[in-house]
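Subject: Structure handover

Hello,

Here is the structure we talked about, with its sequence. Please open it first and keep it in view while you read the notes that follow.

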Amino acid sequence: MSTDVRVRFAPSPTGPLHIGGVRTALFNYLFAKKHNGTFILRIEDTDQNRYVESAEEYIIEALNWCNIPYDEGPGKEGNCGPYRQSERKNMYRAYAEELVEKDAAYYAFDTAEELAQARASCEATTETFIYNHNNRLNFTNSLTLNPEEVKKRLDRGDEFAVRFKPELKILNMYDEIRKGIEIDTALLDDKVLFKSDGMPTYHLANVVDDHTMKISHVIRGEEWLPSMALHVLLYESFGWDRPKFAHLPLILKPTGKGKLSKRDGDKMGFSVFPLDWKDPQTGEVSTGFREDGFLPEAMVNILAFLGWNPGSDQEIFSLEELVQAFSLAKVNSSGAKYDPEKAKWFQQQWYVHQDDAVVGAAFAKALQEKNIPYGSKDYVSIVAGMVKERAVFTKDLFELAGFFFTAPPNYDEKAVKKSWKEDTNQIMSDVIQVIKGTEDDTAAGLSTAIKGWITSQEMGFGKVMMPLRLALVGSLMGPDVFEIAAMIGKKETISRINTAKEKLG
C-alpha cells in the first residue's frame, strides 16, 4: 500500500475519552504507520449543546501520553484543515444543497409539533415511527410543496432540515473486518443531514470531511456499523469514491455481557479513562490509567489485545513491534472482554523491564511525598532493582521495600509466633556480636560470618535467619536478608535487632 493511506480519529469533545476511543485511535495509528500513511485527528464538535471546553485538550494529552500523536489536526495544520468541524461549518450547506439538486435529498419544514403528533399516532397503534419513503409525502417538505413555496419559505428564514432520500435497492457493502454486508435500503429512514441553524448533522459532516480530507480507510467502532449504509449511499449520491471501512469490535465488561462503562469501572475498582478527568459541572473526579500508575507502554499493549490477535504466542509488544505486526485481517469481529487482572499483568511485565534508575527516580519522588528521607538516588535505584519484580505499580514499592528506609513500626503476628522463641533473644545477642566482629560488612561478608557461626553452633538455619529477617523487615518477606543488612548498614542492623529483642523478647 502506498503513502496515500490516510486515516482519522474523530472523537466528539463531550467529556473524557473512554479507553474504547483510545483503542480506536491506536488501531488507526498502527495502520497508518504500518503503511507509511498519515494519522489525522478531527474534532467532531457539531453538537454544541454537549460540547465540553476542556475535552479537546484532554483528548490530545491522552494521545500524546500513549505515544500515538497525530500527524495532522488541531495545532498541526496540514493541507486539509481546519480540523474542528465547528470551524468548517460554512462548507456543509453547499454540499447539502448539492444533494437536493441531485434529488438525493430534500428540504423538510415539519415542525417539532407535527413530528411529535405523527410519532404519537404510530405509538397509538404500536407501530414504530420512521420518516422514510413510506410516508415522506405526508409531510411538509419540498417533495410536497411547489418550488415557489419552497423558495418563499427558505427566503423568509423558516426553520428547515435537509433530509436524505435513499435510493431504494439492495446495497452490497464490504467491511475489512466483517466482510460482505447486504442491506435493503427501504428499511432506512430519511436522515436529517443539515439543520437551519447552519450546522450539519454527524452523518453529512462525517462523509464530507472524510472525502475532503482524502481519508482512505475509515477505522471506527462497531457502534457506527448501522450508519455504514447511509454513509455509503451518501458517497454514491455525491459521485465520490468511498473509503474502505473497518468497524472495530466493542470492548465488553469483564463479565462479557454488554459494553464496558464507567459504572463498571467504579463498581469493580478500575479506570476506563486514560487520564484523570474532573467533570467541569459537578467537580467529580474520575481516575485515569496514568494516575493509577500504568505505564503508557502497558496501556498500548493492553488496548492492542482488545480485539486484535497477532496469531502467535507473543503478548508483550513495543509500539514499534505493534506497527510491524498489525493488520486489520487479524482484528476480530466479536466483542473483546476487558480483564482488569490481565491489564495489571501487562503493566507488571512493562514495569519490570524499566531501568532501575527510572523506577528509582519514581520511587524517590513517592518517598519525598511521604516525607521519608531516602539518602541518595543511587541507593533508591538499587533498592528498586531488588524489589521491582514483585511490584505492579510504583505505589507498591513502599510496601515491598519501605524497611530499607525506616525501621519496621510493628511486626507481623504470625511471623512472630513462627520465628521468635524463648531462646531467640540470646541468639540475636550472639548474632550482634558476630556482626560487630565482622570487618567485611558487604552482603557476602555478613553471609559468610553469620552462616559460619550458625554452622559452628550446630544450629538450624531457620532458628537464626527467620528472627533476623523479622527484626530487620517486620515480616518474613523481602529480598536476601544479608543484602538488606548490607544496604541499611551495621549500625542500623544492630539497632533493629535490639529493638526487636526489647519488643518481642
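Which helix gives the most to the lining of the second largest pocket? That is α13, with 8 residues. Before going further, please note that this is a predicted model.

The pocket

The second largest pocket has a volume of about 380 Å³. Its lining is made up of 17 residues. Those that lie nearest the centre are A362, K365, A366, T394 and K395. Helix α13 covers residues 356-369, and α12 covers 340-352; each of these two helices supplies at least two residues of the lining. By type, the lining residues divide into 9 nonpolar, 4 polar and 4 charged.

The chain as a whole

The chain contains 21 helices and 13 strands. Its C-alpha atoms fill a box of roughly 110 × 50 × 35 Å, taken along the principal axes. The radius of gyration is 33 Å, whereas a compact globule of 505 residues would have a value near 23 Å.

A sheet and the helix across it

Strands of a sheet pair through backbone hydrogen bonds, either parallel or antiparallel.

Strand β4 takes in residues 161-164 and is joined to β7 by 3 bridges. To find this pairing on your screen, look for V162, which stands opposite F194 in β7.

Two packed helices

Two packed helices are described by the angle between their axes and the distance between the axes. For α18 (residues 443-456) and α19 (residues 461-473), the angle is about 140° and the axes are 9 Å apart. Which residues meet in this contact? From α18 they are I450, K451, W453, I454 and T455, and from α19 they are F461, V464, M465 and L468. These residues divide into 7 nonpolar, 1 polar and 1 charged.

Two backbone details

Most residues other than glycine have a negative phi, and most peptide bonds are trans. Two places are worth a look with that in mind. The peptide bond that joins G81 and P82 is cis, with omega about 0°. K179 lies in strand β6, which covers residues 179-184.

Regards

Note on methods. Residues numbered from 1 in each chain as written. Predicted model: local features only at pLDDT ≥ 70, side-chain atom pairs only at ≥ 80, totals over all residues. Heavy atoms only, no water. Pairing = 2+ DSSP bridges. Helix = DSSP H or I, 4+ residues; strand = E, 2+ residues; numbered from the N terminus. 1 Å grid on protein atoms, 1.4 Å probe; cavity = no way out; pocket = protein on both sides within 12 Å on 5 of 7 lines; lining within 4 Å. Points joined across faces, edges and corners; volume = space filled by probe spheres on them. Nonpolar A, V, L, I, M, F, W, Y, C, P; charged D, E, K, R; others polar. Rg over C-alpha atoms; globule rule 2.2 N^0.38 Å. Axes fitted to C-alpha atoms, helices over the stretch in contact; angles between N-to-C directions. Contact = heavy atoms within 4.5 Å.
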